[in-house]
Amino acid sequence: MNARSELPGLIDHSKTTNGYIGQSTPRTGAKKLLQGRGTYLDDLRLPRLAHVVFFRSPHAHARIKSLKLDRARQQAGVIAVFNGQDIAAFCTPWVGVLGHLKGIKSAPQHAVAVDRVCWQGEAVAAVVAESRRQAEDALESIEADWELLPVVSDMRQALEGKTLVHPDLGDNICFHRELKTEGFDAAWAAADVVVEKTYRFGRHTGVCNEPRAILADYNPADHSLTVYHATQAPNMMQDIFSRHLDIPESNIRVICKDVGGSFGIKVHVYADEMATAALSVMLRRPVKFQADRAESFLTDIHAREHEATIRLACKRNGEILAFDLEDLTAIGPYSVYPRTSGIEGNQVVNLTGGPYRHQQYRAKLDVVFTNKNVTCQYRAVGHPIAVALTEGIVDEAARVLGMDPAALRRINLIPDDHYPYSFPSGIKFEKLSHHQSLDRLLALMNYQDLRAEQASLLEKGVYRGIGLAAMIEVTNPSPAFYGVGGARISAQDGATLRLDPAGMVQVLVSVTEQGQGTEAVFTQIAATAVGVSIDKVRVITGDTAVTPYGGGTWASRGAGIGGEAVLQAGKALRSNILDIAAAILQQDKASLDVRDNAVVSKLSGELKLELAELGRVAYFRPDTLPMGFQSELTVTRHYTPREYGFTFTNGIQASYVEVDIDTGFVKLLKHWCVEDCGTVINPMLVDEQIRGGIVQGIGGAMLEECLYTEDAQLLNGSLADYLVPMSAEMPDIVVDHVQTPTRSSELGAKGAGEAGTAGAPAAVMNAINDALASLGANVSTQPFTPERVLQALGKVA
Amino acid sequence: MSDPIERLHVSGSVHVSESGHAFNAVRGEQKMPVRLQVNGERIEREVLVRQHLVDFLREDLGLTGSHLGCEHGVCGACSVLVDGELVRGCLMLAVQAQGKQVQTIEALSDSGELAILQQAFLEHNAMQCGFCTPGMLLTARALMQEVHAPSRERIREYISGNYCRCTGYQAIVDAIETAIKRRHALEALHALGQQKVSNTGEPEGASV
């Protein structure tokens, strides 16, 4: 047993500092995670909790001829077994389309399949039992009879459309987009050099350490539903449960406890999760669904299955004139609700060529249906594709022109004094810092020395390569991302700050925490804005009944949007505190300030009133305040980015690799990243976001691929078969920053969460191809497995 | 919870049979009594013979600090100590813990055994979502017991059976290095204290 004096609550943390923004303070709230005392969804225990497991389709495309559930209903512990029609009576289907993606189409999707299954792993029946073990045992007693339907697994085959995933839709095309700038043809004709290459990107997935999970608890007495959910967007889910289960929105409460990683995986509507909510209503008791790892591989969204041809036209001096893109991507049988599966391809079109000053661009995108698992927005959405296409072809051009890749980039990167800037795809940049970032990167990595080392090692038969990848990144999205398309996804976020009687500040924010340190940076901002030490601040997120309404955590928006709301609420609270202090002290408000947990004289810093004393008076002895004076110690502020569609960030990465040309193995020696996310609130947390993102990008580039057979059966649905980055193979990563604060908010913070993932695959690819260049070999299909490297070298078929 | 491997062919392809289940698994309804120590407490329970140790700890004892990431021995999130040895809680049956001493993150935190590591993890932000963290800390502890002064490469190799999706591992390696340095410094201080004790009879510094 701990001695009483050792209990953490009694340890004095009263060191006070003003201005936590920009400081690497350790994350508040992390200690419980370090002691295994977090609360992930599967850790929750409720009375009468029932467990659901799903009978899933073994086929990629089949009609359900018959489904025999009676024997399963007789098994020990089984509470109920339902088919798709049963659940459809309580949960309406959905269609994942958005108004601003012109022409996008999809088919209605049910919580549990009705009549037909469209991918292997789609839920066909739900078994609810007293324990998960009993529910899984009962699965064996379900008998299904199938009529197999033709399978569309290849995206070229899907595009041809001889076999249809959804015959009612007429073709397999979910979304098509073309764009061409006016001067494109002329620019193309004026080119001295045109380079062209086709790149392929394997499907991969998020592999959150904590698989998806939901616990729905319906209370029939007041027709209310409380949903504990490992989600990134609680208000979005509140709206969706309301509309599809026909329960008033205000009767639905979504609570996010600790979430074991999200990365975009946990921001979508999943059929089995909707079914779980419906089952709770049907059975009038709490029901939990906890996906296991096999279910995660079969049903968590996948991403990035693309085949794209990119052409670059330039002058002999290296000036890039135009890019020409054709992208084909396959998204599985449904466009995922409500964000759609058209966004990733759309981002590739928007972002390809992004760092450069060319003014002419042509692009064509086809997003097609197949009978594999669905794909949708996963960390860095489209960026890893766009950056790899752009930076891959820029390196090809450098080779053809005989120029150094860094020199070619310097000629073409948009100059740092050319902002605001309109890009040919239609997007606008407020202010970027490509050249500063390039300079910083080259200095950081000792580029010239590294080139010399590379050349001398090559003479000894050691094949090393250096790869650069400049990038732009979408962050802090405005309503233009989803809201204008009709999705009920908030673009604004809110913060409520309250000074409590003891002088503590309670902060409630609509942005959620999945481990990024969101709550920690809000603590720093709130403490700074109010004038208290961080140990006086408590942050609460992830509860729709408690926090202001907002979008949640996705698209690198938490710090930039939620943080600005916290800052503005904190400033308002400080002002209200000073009103009360002025009333108590009978002094001019303008002569007072809040510093170090107390009201002080602005000029001399002399202590006037501790906040705990101010709180005591305001809450318990307001009778001593002037008649007519009402203290307001709770304030709420919101923030919506409006001026630009997105607050773009920029950065550049570099990778240094060694390729073993006998085995095809690539050793990642080192990685660098210089990134500009505007105001850095906590450098340590930002650096770790970048590092984690880079390794996630490396995973996609080197290891991760969801492999399917020709009849769309997943081959590698376990962590033993699907490779993820582990520590031994990963390089040390050097991170540095240029800070160009956005002027659209007072905080000036842009997003940082996805930049690492956006640029890493391109940097690694370029490094491998740089290593192989002297052998005339080149890789272009991710992931770059040893087999593919050897194929490029002509050593294996 | 059943092992997802039961629904996979280990050779690779995911097979859900026509009946929705690949194996006609032997029903593990049989129960056995087990007596063991968990975090220093004597525990006696009837457990299903097929129940994994980590499920027993989480479901029967409410010790939810050990997490289930893959249930097939790859991710390391369910790591616990059995008679002081690092064990994957998803690869050991509860009945196999008969007569043994099991320690989990909760007790190892309370005893202060992990304090140096936990402090270093906090300072380096060597955890984000925290799901892998208990397993990572226990693995790092085992490394510190096994190897006196591991190189960075050795640390990376040692923890490469623990999956972390958030950090990219570097901060974890940094934190373990810091913890090792601090332990060495404490040991040196302690040795100095011992020396002084023998020189002067005064226990200076020995309290560190």
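This is a predicted model: local features need pLDDT of at least 70, side-chain atom pairs count only at pLDDT 80 or more; totals for chains, interfaces and linings use all residues.
**Domains of chain A**

I looked up the division of chain A first. Domain 1 of chain A covers 47–149 + 209–262 + 265–299, domain 2 covers 302–479 + 643–792, and domain 3 covers 492–639. I then checked domain 1 against domain 2 of chain A. Their centres, taken over C-alpha atoms, are 36 Å apart. In the contact, 25 residues of domain 1 meet 26 residues of domain 2. On the domain 1 side, helix H9 (residues 293–299) of chain A gives the largest share, five residues. I sorted that side by class: 16 residues are nonpolar, eight are polar and one is charged.

**A sheet in chain A**

I traced an open sheet of seven strands in chain A, ordered S3-S5-S1-S13-S10-S11-S12, with mixed pairing. Strand S3 (78–83) and strand S12 (252–255) of chain A are its edges, and each pairs on one side only. From one strand to the next, the twist averages 20°. S12(A) runs parallel to strand S11 (residues 224–229) of chain A, and four bridges join them. Tyr228(A) has Ile255(A) in S12(A) as its bridge partner. Helix H8 (residues 271–283) of chain A packs on this sheet, and S10(A) is among the strands it touches. The directions of H8 and S10(A) make about 25°.

**Chain B on chain A**

I turned to the contact between chains. Chain B brings 56 residues and chain A brings 63. Helices H3 (115–124) and H6 (170–200) of chain B are among the elements that give two or more residues to the chain B side. H3(B) gives the largest share, four residues. By class, I noted 25 nonpolar, 23 polar and eight charged residues on the chain B side.

Conventions:
Residues are numbered from 1 along each chain as its sequence is written. Chains are lettered from A and ligands numbered from 1 in the order in which they are written. Domain bounds come from an automatic or database domain assignment. Two residues are in contact if their C-beta atoms, placed from the backbone, lie within 7 Å. Ala, Val, Leu, Ile, Met, Phe, Trp, Tyr, Cys and Pro count as nonpolar, Asp, Glu, Lys and Arg as charged, and the others, Gly among them, as polar. Two strands pair if DSSP finds at least two bridges between them. Axes are lines fitted to C-alpha atoms, for helices over the stretch in contact, and angles run from 0 to 180 degrees between N-to-C directions.
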